[in-house]
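Hi everyone, thanks for coming along.

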Amino acid sequence: MDIKTLANRGVLGLHPYQPGKPVEELERELGIQDIVKLASNENPLGLSPLAKTAIEAATAELTRYPDANGFYLKQKLAERWQVTAEQVTLGNGSNEVLEILFRTFVSPDSEVIFDKHAFIVYALLTQSVGATAVPVASKAWGHDLEGMLARVNDKTRLICIANPNNPTGTYLQPEAIEAFLAKVPSNVLVVLDEAYYEYVKPEQRGETHQWLNRYPNLIISRTFSKAYGLAGLRVGYALTSADIADLLNRVREPFNCNSLALAAATAVLDDTQYLEAGIALNQKEMARLESYFKERALPYIPSVGNFITVEVGDANAIYQALLHQGVIVRPIAGYGMPNHLRVSIGTEAENTRFMAAMDVVLAQR
Ligand SMILES: *Cc1c(COP(=O)(O)O)cnc(C)c1O
C-alpha cells in the first residue's frame, strides 16, 4: 500500500523546507574561507553578553525539565508590554506560536487570508491543517487591507498580517491597522506578526499591545530571533486576550521552550545597549545598501526591517553567482518574486563584502 494515502489532508501539498547547506560545508566545497551569510535576517552583532552569561548559568540545571510555564519570562514580558502574564503564550520561536494558533483555531473547512507575498509560514500552516488559503494581491508590494476585508466571508477564521512584512520589508502605519481591525468581524481572528517590531522607528511603531482590550480577536506575535539575536535558541511569544492564551496553552506542548532559551530571553530583555546598537547599525547599513542599489540602478523595495529586497533580473542566477563569491543571500521565488533577492543587513564589513561581490557578478552579466 502507498503510505502517502494515509497522510492527513493537505500534507501531500506541502514541500519540505529547503535548508541551505551548513556554511562550513559550503566553504569546503567552494574552497572559500570566510563566507558571509546574509540570508536569514539574523542579528549580525553576535550574542548579547547578558544572554551569554544567563545561558552559562542555566547549564547547571540542564538535567531538569524547563519551567513549563516560563514564569520569569512571561512576567517580564507582561511588565514590558503592560499586559498580564496570563495574556502571554511562549513558543519555540514565533513560528511555533503561529503553529499553535493554527492548530487551535483553523480547521479544514475554514479559510485563511494573507498577502500574496507574505511570510511563507502562513501558507504552509494553512496547507498543513487542510484549510483553504485566500491569497490577496499586494499593493506596491505591501498588504492591501481593503482587499483583505473584501475577501472575508462566513468561512474566514484567520487573517495574517506581517508588519513589517517579510520578504518585502513593507510597513503599514498603526492607524491603518487599527482602522482595519475596527472593520473586521469579531469572529475573525487577526494575527499581527511583528517579528521585526524593534527595527521600526519608535515614532512609527504602534503600541499594538494596547489594542488587546479593544479587539479580543487580535493576536500579536513577536520574537527573540531577530533584533534580540537569539534565532538559534528558538523563542517567540504571542500577546492576546487571556481567553485566547488559555486555549493556546491547552494545545501547546508543555516544555516547548527550553531552559537556555528561557534564561537567555529573560536576560536579553534587559540588554538595552545590545538592542540599540543593533538597531543603529541596521539603520546606518540599510542606508549604505540603499545608496549602493541606487548607484547601480537596481530597484529596491524600501524596507523598515533588517533586510532589503532588490530586483536583479534572473535572481537565481545572481544568487548562484554571489554564492561563488562567498556571499549567501536569499532567493525568494517561493514568495512569487523570482526577480528579487532578499539581503539581510549585516555588519559593515559583511555588507562591504556583499557589495563587492555584487559588483563582480554584475560585471559578469
Ligand atoms: C523571522 C520571522 C518570524 C519568526 O521567526 P521565529 O524565529 O520562529 O521566531 C516570524 N514572522 C516573520 C514575518 C519572520 O520574518
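Let's begin with Arg288, which forms a salt bridge with Glu285, the closest N and O atoms lying 2.7 Å apart. By salt bridge I mean a side-chain nitrogen of Lys or Arg within 4 Å of a carboxyl oxygen of Asp or Glu. This is a predicted model, so local features need pLDDT of at least 70 and side-chain atom pairs count only at pLDDT 80 or more, while totals for chains, interfaces and linings use all residues. Residues are numbered from 1 along each chain as its sequence is written, and side-chain values use heavy atoms, with hydrogens and water left out.

Why can these two partners meet? Arg288 and Glu285 are three residues apart in helix 10, so about one helical turn separates them. In general, an α-helix has 3.6 residues a turn, so residues three or four places apart point the same way. Helices (H or I, at least four residues) and strands (E, at least two) are DSSP runs, numbered from the N terminus.

Is Glu285 buried or exposed? Glu285 counts as buried, at 1% relative accessibility, whereas Arg288 is partly exposed at 28%. The cut-offs here are under 20% relative accessible area for buried, over 50% for exposed, and partly exposed in between (1.4 Å probe, protein chains only). Elsewhere, salt bridges that share partners join Glu295, Arg296 and Asp359 into one network.

Two other pairs are worth a look. Asp246 forms a salt bridge with Arg250, with 2.6 Å between the closest N and O atoms. These residues sit four apart in helix 8 (residues 242-251), about one helical turn. Asp246 is partly exposed at 37% relative accessibility, and Arg250 is exposed at 61%. Then there is Glu56 with Lys52, a salt bridge whose closest N and O atoms are 3.2 Å apart. Both lie in helix 2, again four residues apart. Glu56 is partly exposed, with a relative accessible area of 45%, and Lys52 is partly exposed at 45% too. How many salt bridges does a search of the whole structure find? The search gives 13.

Now let's zoom out to the domains. The protein chain is divided into domain 1 (3-46 + 272-364) and domain 2 (49-268), with bounds that come from an automatic or database domain assignment. Their centres, taken over C-alpha atoms, are 24 Å apart. The contact (heavy atoms within 4.5 Å) takes 30 residues from domain 1 and 30 residues from domain 2.

Together the two domains bury about 2,500 Å², with 64% of it on carbon and sulfur atoms. Buried area here is the accessible area (1.4 Å probe) that two parts lose on being put together, summed over both. On the domain 1 side, Arg9, Val304 and Tyr335 supply 26% of the area buried against domain 2, more than any other three residues.

What about charges and polar groups across that boundary? Between domain 1 and domain 2 there are zero salt bridges, but nine residue pairs are in polar contact, both at pLDDT 80 or more. A polar contact is a pair of N or O atoms within 3.5 Å; within protein, one must be able to donate a hydrogen and the other to accept it, and residues adjacent in sequence count only if both atoms are side-chain atoms. Helix 10 (272-295), strand 10 (307-311) and strand 13 (337-344) each supply at least two residues of the domain 1 side that touches domain 2. Helix 10 gives the most, with six residues.

Next comes Arg342, in strand 13. Arg342 is buried, with a relative accessible area of 4%. Its side chain makes a polar contact of 2.8 Å with that of Asn166 and another of 3.5 Å with that of Asn41. Arg342 and Asn41 are 301 residues apart in sequence, yet 9.1 Å apart in space, C-alpha to C-alpha.

Last stop, helix 9 (residues 259-268), where nine of the ten residues are buried. Among the elements covering those buried residues are helix 3 (71-81), strand 2 (88-91) and helix 10. At the start of helix 9, a side-chain oxygen of Asn258 reaches to within 3.0 Å of the backbone nitrogen of Leu260.

That's my tour, and I'm happy to take questions.
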